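Q: I have a structure open and have not looked at it before. Can you take me through some of it?

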Amino acid sequence: MRIFGREPALILGFLAAALKLLAAFGLDVSATQQTLINAVLAAVVGVWIAIVARDGALGAAIMQLAQAALALFVGFGLDWSAEKQGLVMAAIAALLALWERTQVTAPVSLTRLEQTSPVKAAGPTGV
């Protein structure tokens with residue numbers, strides 16, 4: 001899977017390096033904030049990849065993106081208790097459950113082994 005013609009890991013590596021470079025030249029972000037920004041970027045790429053996956057992957061990716069975004073907001077000073085954060089995440093999960101499937105299917109084709117059984121169906125042998 002490619003994004004803008006490049007592997008997602010390369011894009012994330014470039015963005016992480018660019019963020020460190022900006023911080024070195026005066027952008028006022030701490031190491032913790034850099035980590036949180038990188039986590040959100042990784043979650044965004046996860047959503048992008050989930051769009052091409054099958055059956056339910058998008059909901060799981062959106063949930064991870066919401067969790068990463070909440071961590072980013074808390075890292076930048078949002079003063080919410082763990083209980084309030086849990087309630088928000090539960091509400092997001094409930095909202096996603098309204099329209100998203102509960103099972104995630106990987107975007108791979110079936111193998112020959114999955115299409116046949118190594119154990120043949122027993123015929124009427126009378127045993």
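Q: Where is Gln 34 placed?
A: Gln 34 sits in helix H2, residues 31-52. Helices here are DSSP runs of H or I with at least four residues, strands are runs of E with at least two, and both are numbered from the N terminus. This is a predicted model: local features need pLDDT of at least 70, side-chain atom pairs count only at pLDDT 80 or more, and totals for chains, interfaces and linings use all residues. Residues are numbered from 1 along each chain as its sequence is written, and side-chain values use heavy atoms, with hydrogens and water left out.

Q: Is Gln 34 buried or exposed?
A: Gln 34 counts as buried because its relative accessibility is 12%. Buried means under 20% relative accessible area, exposed means over 50%, and partly exposed is in between, with a 1.4 Å probe and protein chains only.

Q: And what is Gln 34 in contact with?
A: Leaving aside neighbours within four places in sequence, Gln 34 is in contact with Leu 19, Lys 20, Ala 23 and Val 29. Contact means heavy atoms within 4.5 Å.

Q: What about Gln 33, buried or exposed?
A: Gln 33 is in helix H2, and it counts as buried, at 15% relative accessibility. Not counting residues up to four places away in sequence, Gln 33 touches Asp 28, Gly 75 and Phe 76.

Q: Where does Ala 39 belong?
A: Ala 39 is in helix H2. With a relative accessible area of 33%, Ala 39 is partly exposed.

Q: Let's step back. How many helices and strands are in the protein?
A: The protein has five helices and zero strands. From the N terminus on, the elements run α-α-α-α-α.

Q: How do H3 and H4 cross?
A: The axes of helix H3 (residues 57-75) and helix H4 (residues 82-99) come within 10 Å and cross at roughly 160 degrees. That is why H3 is roughly antiparallel to H4. Axes are lines fitted to C-alpha atoms, for helices over the stretch in contact, and angles run from 0 to 180 degrees between N-to-C directions. Angles under 35 degrees count as roughly parallel, over 145 as roughly antiparallel, 65 to 115 as roughly perpendicular, and the rest as oblique.

Q: Which residues meet there?
A: On the H3 side they include Gly 59, Ile 62, Met 63 and Leu 70, and on the H4 side they include Gln 85, Met 89, Ile 92 and Trp 99. The residues of this contact divide into 10 nonpolar, three polar and no charged. Ala, Val, Leu, Ile, Met, Phe, Trp, Tyr, Cys and Pro count as nonpolar, Asp, Glu, Lys and Arg as charged, and the others, Gly among them, as polar.

Q: Where is Phe 4 found?
A: Phe 4 is in the segment before helix H1 (8-24). It counts as exposed, at 73% relative accessibility. Phe 4 touches Ile 11 and Trp 48, not counting residues up to four places away in sequence.

Q: What share of the protein is buried?
A: Buried residues make up 20% of the 127 residues.
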